[in-house]
Structure formats: C-alpha cells, structure tokens
Amino acid sequence: MNKTIGFIGSGNMANAMMGGILNAKLVSSNQIICSDPSKTKLEDLKSRYGVSITTDNCEVANRVDILILSIKPQFYPEVIKQIKNHINDNTIIVVIAAGQKIEMIKERFEKNVKVVRCMPNTPALVGEGMAALCPCPMILPEELDLICNIFNSFGKCEVVSENLMDVVTAVSGSSPAFIFMIIEAMADGAVLEGMPREKAYTFAAQAVLGSAKMVLETGKHPAQLKDMVCSPGGTTIEGVSVLEEGGLRANLLKAIQAATK
C-alpha cells in the first residue's frame, strides 16, 4: 500500500490497529505517524513499532493519506477544530468512536471531507477483531478496499449502512464485556466445584473460543450446534434448563437493545 497512515490518539485500539497493519505488511513503519499529548505513550509506541511520533495533531493531519481518529468521542470537537484546515481534500478520515455520525463529522470539518465511519472492538488486540465500516458517498471503491484491508489485518470487517452502526456497537463493540462476564461466571461455577481458578478460566475461555469458531466455520445455525451437545437426559440439557429458567437469552437480548439505545 503506497499510502501514509496517521493516528491521532495512541490508546489500545490504535496499538491494535498498528500491530495488525505492520504484521500484515500493508505499509512499513516509516509510513505510519501517531500523535498524542503523552510523550511517554509515544515513546513506548515508537519503541514497539518503530513508527513516527509527534505531540502535534496538525503535523499528522498535514502528512497522511489516511487519518484515523482514535480518540474518545468527547474529544472529537476539539481535535477536529485543531486539524480541519490541515486536511488534504483527498485525505480519508476514519472515525472509530461510537455515536459519531458521518454528517456530524462533515459539519465539524466545515467541508465535504471523505469519511469512513467504523466500529472495531477490543479483540483486535489479539488479531480477532470484528469491525463494521460505513463509507460516505465520496469514498471510491478502491479507497474502501484500502480501509477494509486495514481492518482485515487484525480480524474481520463488514460494510454496513449507517443506520446499523448503533446495533453494531452493541452486538460486537459492547458484547465482549458480556462474554467476559459469562466466562467469569462459568469459571466461578467450576471453582465452586473444586477446580483451581487458573484452570477454570482456561477451560471456560477455550470452550467459548472453540464454540465461536464452530459457528463461523461450519455455517450451522447456533441452535443446531447447541442441539448436537444436548443428549437426551444428559448433563448439558440439565444446564440449558437452568439457563432458560434464569432468562439467559432474554437478558442478552435486552442487553443488546440497551447498548444500542
């Protein structure tokens, strides 16, 4: 990829994205620049990845073809005000914060900039992220391919319409927290029955990882895969009965609705 990529913000998601991009050899380290107010974070980033660093957001905006705003939503107005006059007309601006609509971003830049709204998630940190991408009409097909390649370098991505971005935030952005709670609760149950905690986390987490791979790789309906485990009168259907009594599925459905809202 003959493009320069800039990050404003050097948090976990920026680290995950840089690691994926460099591991996939999409660009070399000298084609990435990152800004952050923390010199300590920047030096750590340079030591880890060999990328260029600066505390000046405008320097990043001036130099790059693809600009990734990897900052919290509340900082968007301030940062965009700083950089809006330093953006090239062909710069692709990648927005990865929840609730930042394309029209809102364009209004803040006060011009018709090229925006791709994205929602990644924290499993990107281990190369298993899931991201949704929504391009504005100005984004050319080859430009969208570039952004897809970036997000595919640390997981998977799908292009969706903007009206689905809030539910994407819930079903893949927020849901790792729900799964961590499930893993923790499963492990607690095993500890209650005498298993050492470290082993309990390993058994529970690997079971979740393997189950997810079965859904993705077999193409079978989750209910079909569940039925394969539930022998008549067996241990699994006993556990399923308890989960149904406790409203597991109903509560997860409500959790996705609540996070979407």
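**Salt bridges, sheet and core**

Student: Happy to look at this one with you! In this predicted model, which side chain meets that of E110 in a salt bridge?
Tutor: The term needs a side-chain nitrogen of Lys or Arg within 4 Å of a carboxyl oxygen of Asp or Glu. At 3.0 Å from N to O, the partner of E110 is K84.

Student: How many residues apart in sequence are the parts that this pair ties together?
Tutor: E110 sits in the loop between helix 5 (102-109) and strand 6, while K84 belongs to the loop between helix 4 and strand 5. Helices (H or I, at least four residues) and strands (E, at least two) are DSSP runs, numbered from the N terminus. The parts joined by the pair are therefore separated in sequence by 26 residues.

Student: A note on what I'm working from: residues count from 1 along each chain as its sequence is written, and side-chain values use heavy atoms, without hydrogens or water. In this predicted model, local features need pLDDT of at least 70 and side-chain atom pairs pLDDT 80 or more, while totals for chains, interfaces and linings use all residues. Now, is K84 buried or exposed?
Tutor: Buried means under 20% relative accessible area, exposed over 50% and partly exposed in between (1.4 Å probe, protein chains only). E110, at 59%, counts as exposed. K84 has 16% relative accessibility, so K84 counts as buried.

Student: What separates the closest N and O atoms of D44 and R48?
Tutor: Both residues lie in helix 2, four residues apart, about one turn of the helix. D44 is partly exposed at 39%, and R48 is partly exposed at 45%. Their salt bridge brings the closest N and O atoms to 2.7 Å.

Student: Where in the chain is L42, and what is its relative accessible area?
Tutor: L42 is placed in helix 2 (residues 39-49). Contact means heavy atoms within 4.5 Å, and leaving out residues up to four places away in sequence, L42 touches C34, S35, D36, I53, T54 and T55. L42 is buried, with a relative accessible area of 3%.

Student: Which residue in strand 6 stands opposite V95?
Tutor: Strand 5 (residues 92-95) and strand 6 (residues 114-119) run parallel and are joined by four bridges. Across from V95 stands R117.

Student: How many residues has the largest nonpolar core?
Tutor: A nonpolar core is a set of buried Ala, Val, Leu, Ile, Met, Phe, Trp, Tyr and Cys residues joined through side-chain atoms within 4.5 Å. Those with the most contacts inside the core are F7, I83, L133, I147, I150 and F151, and its total is 63 residues.

Technical notes: Two strands pair if DSSP finds at least two bridges between them.
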